[in-house]
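Here is a short briefing for a first look at this structure. Keep the sequence and the 3D view side by side while reading.

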Amino acid sequence: MDDESNENKCTTSVPPLHQKGLLGEDHNHNQNQDDDSHKKSTFFKFGKQGSPCVKFQRLAPEKDVNTRSYNHTFRGSVHRVFNKKINWKSLQTMAKEWISNPINMVLFIWIICVAVSGAILFLVMTGMLNHALPKKSQRNTWFEVNNQILNALFTLMCLYQHPHRLYHLILLSKWRPQDISKLRNLYSKNGTYKPNEWAHMMVVVFLLNLNCFAQYALCGLNVGYKRSERPAIGVALTVSIAISAPAIAGLYSVMSPLGKDSDTDTNSVSDEESQKGIESSEKIFLLSESNPKWSGGIFDFWEDISLAYLSLFCSFCVFGWNMERLGFGNMYVHMTTFLLFCLAPFWIFTLAAVNIENEIVREILGITGVFLCVFGLLYGGFWRIQMRKRFNLPSSDFCCGNPGVSDCVLWLCCCWCSLAQEVRTGNKYDVLDNKFYRKPEGEMSISPLPREEQLNYRSTPSPTTFLQEYKSSNIEEGSSSRGNDSTLEPPIPSFIHRDAT
């Protein structure tokens, strides 16, 4: 009776193996072939109705099965990642190339300053420096100093980036074909069309501008109030917005259609490509300059003394105008950014020192602001490097054997002479499709911007304008000749009659 009850329990509780799928999908087809292998690895006890009941199953150790199961586990994936060898030479080369860029060098210094001040502020807030700073007044002083330093650093970063963000907001409001291509290259993956791209770009640009305004409000609270009088709600609100706005903008740009591949990417053709095709056809009529040169030396400003005076007294305006003429962006963005690089650090660090009672710390902050203002000239050195690389101009390696460092030193030591040389070089050539072309004889020395050409500020047109006018005149002449088409009759010879004498 016990055996029968056990057999019935086994039969009713466990369904057949071919119904459970434990023996595989092709068990019915390969039952005879796999019989021996299952006998070796599995033990069965059959029930009353002949249905098998598994009492004990032992899988044979197979290396392939174990390897596949291990590779699919998290431990196997982590093991594979850490087993990869790091190519330290290529990593070192990438680091050298990155740090050789002046903008990246300044960014690296900014990151170090933020990390050091943030670490000190965190240690003071958590009480880890109570042994080193036993008095509460000392801790309050260190807290306020590092708080003002962080406030100044983040405000400077927002000031440097805000002109570009406002410019992008203006481009979104205009939404012209040439503006669309610029915005796609900045905010859209692969620079291609995305569904509802205007709305998605507007969200990202709005959040980035909101980040700047929140930082300005936080800077006003830190500068305008002492620590004891500073409203905690206002500080918490501005800090949360200043931190969350760029974080949400970054996530939105990745998760939204802007960061994904669209099905219409291959079918969409931008207006910029068609414009490039037109320009490429126009280049046939222009004489390109294969080996362009700088216009004179760095101290040859006597070649155009009026331009030298403009570079001296209107440095920011001339710099922005020259950058837009050479195709490096909007004039007003460059003017504002360069002005902020050279003036904003002094005012920000001076205001940050107002609420600090320690006189030595105040002097250090003031000197730091002046130091950063001088190094704001590196902005001009950075764009001199870009100009030299784009137009294949000759380089000089008098400083450390590095052309990039030499360009930056030229701007640090004699910014006005460097600016005058760059403007003279731009006047010497005509710019088309990021290349220098020789100007025809009779061309004025100073070429206006494209939007100034529409106002007829010069008597001699540029090659691009000349070609467009030439094509339009040919089309008009052809249409007028076709409209007045008539049968031409041969001229009737004239007869001369002589009087008989």
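Cys-408 is buried in this predicted model, because its relative accessible area of 8% falls under the 20% limit. The structure holds zero disulfides. Cys-408 therefore has no disulfide partner: the nearest cysteine sulfur, that of Cys-399, is 9.4 Å away, and a disulfide needs two sulfurs within 2.5 Å.

**Cysteines**
- A disulfide is a covalent bond between the sulfur atoms of two cysteines.
- The structure has zero of these bonds.
- Cys-314 is in no disulfide either; the nearest cysteine sulfur belongs to Cys-317 and is 5.6 Å away.
- Cys-314 counts as partly exposed, at 32% relative accessibility.
- Cys-408, by contrast, is buried at 8%.

**Annotated transmembrane regions**
- An unreviewed UniProt entry annotates residues 107-129, 198-221, 233-255, 305-323, 335-354 and 360-382 as "transmembrane region".
- In the model, the span 107-129 is 87% helix and 0% strand.
- The end C-alpha atoms of 107-129 lie 29 Å apart.
- The span 198-221 is 100% helix and 0% strand.
- For 198-221, the distance between the end C-alpha atoms is 35 Å.

**The second largest pocket**
- This pocket has a volume of about 1,100 Å³.
- It is lined by 39 residues, and the closest to its centre are Val-106, Trp-110, Leu-153, Tyr-160 and Leu-372.
- Which helices supply at least two residues each to the lining? They are α7 (102-126), α8 (136-174), α15 (331-352), α16 (359-375) and α17 (378-390).
- Helix α7 gives the most, with twelve residues.
- By class, the lining has 31 nonpolar residues, eight polar ones and no charged ones.

**Positive phi angles in loops**
- Trp-175 is not a glycine, yet it has a positive phi of about 55°.
- Trp-175 lies in the loop between α8 and α9 (177-187).
- With 26% relative accessibility, Trp-175 counts as partly exposed, because that value lies between the 20% and 50% limits.
- Asn-392 also has a positive phi, near 60°, and is a residue other than glycine.
- The loop between α17 and α18 (403-413) holds Asn-392.
- Is Asn-392 buried or exposed? Asn-392 is exposed, because its relative accessible area of 51% is over 50%.

**The β3–β4 hairpin**
- Strand β3 (residues 429-432) pairs with strand β4 (residues 435-438) in the antiparallel sense, over four bridges.
- The two strands form a hairpin with two residues between them.
- Asp-433 sits in the turn and has a positive phi of about 55°.
- Across the pair, Asp-430 stands opposite Tyr-437 in β4.
- In a regular strand the side chains alternate between the two faces of the sheet.

**Phe-382 and Trp-411**
- Phe-382 is in helix α17.
- Phe-382 counts as buried, because its 14% relative accessibility is under 20%.
- Phe-382 and Trp-411 are 29 residues apart in sequence.
- In space, their C-alpha atoms are 9.3 Å apart.

Key: Residues are numbered from 1 along each chain as its sequence is written. This is a predicted model: local features need pLDDT of at least 70, side-chain atom pairs count only at pLDDT 80 or more; totals for chains, interfaces and linings use all residues. Side-chain values use heavy atoms; hydrogens and water are left out. UniProt positions are given in the numbering used here, feature names are shortened, and annotations may be inferred rather than shown by experiment. On a 1 Å grid over the protein atoms alone, a cavity is a set of points where a 1.4 Å probe fits but cannot get out, and a pocket is an open set with protein on both sides within 12 Å along at least five of seven lines; lining residues have an atom within 4 Å of a point. Grid points are joined across faces, edges and corners, and a volume is the space filled by probe spheres set on the points. Ala, Val, Leu, Ile, Met, Phe, Trp, Tyr, Cys and Pro count as nonpolar, Asp, Glu, Lys and Arg as charged, and the others, Gly among them, as polar. Buried means under 20% relative accessible area, exposed over 50%, partly exposed in between (1.4 Å probe, protein chains only). Two strands pair if DSSP finds at least two bridges between them.
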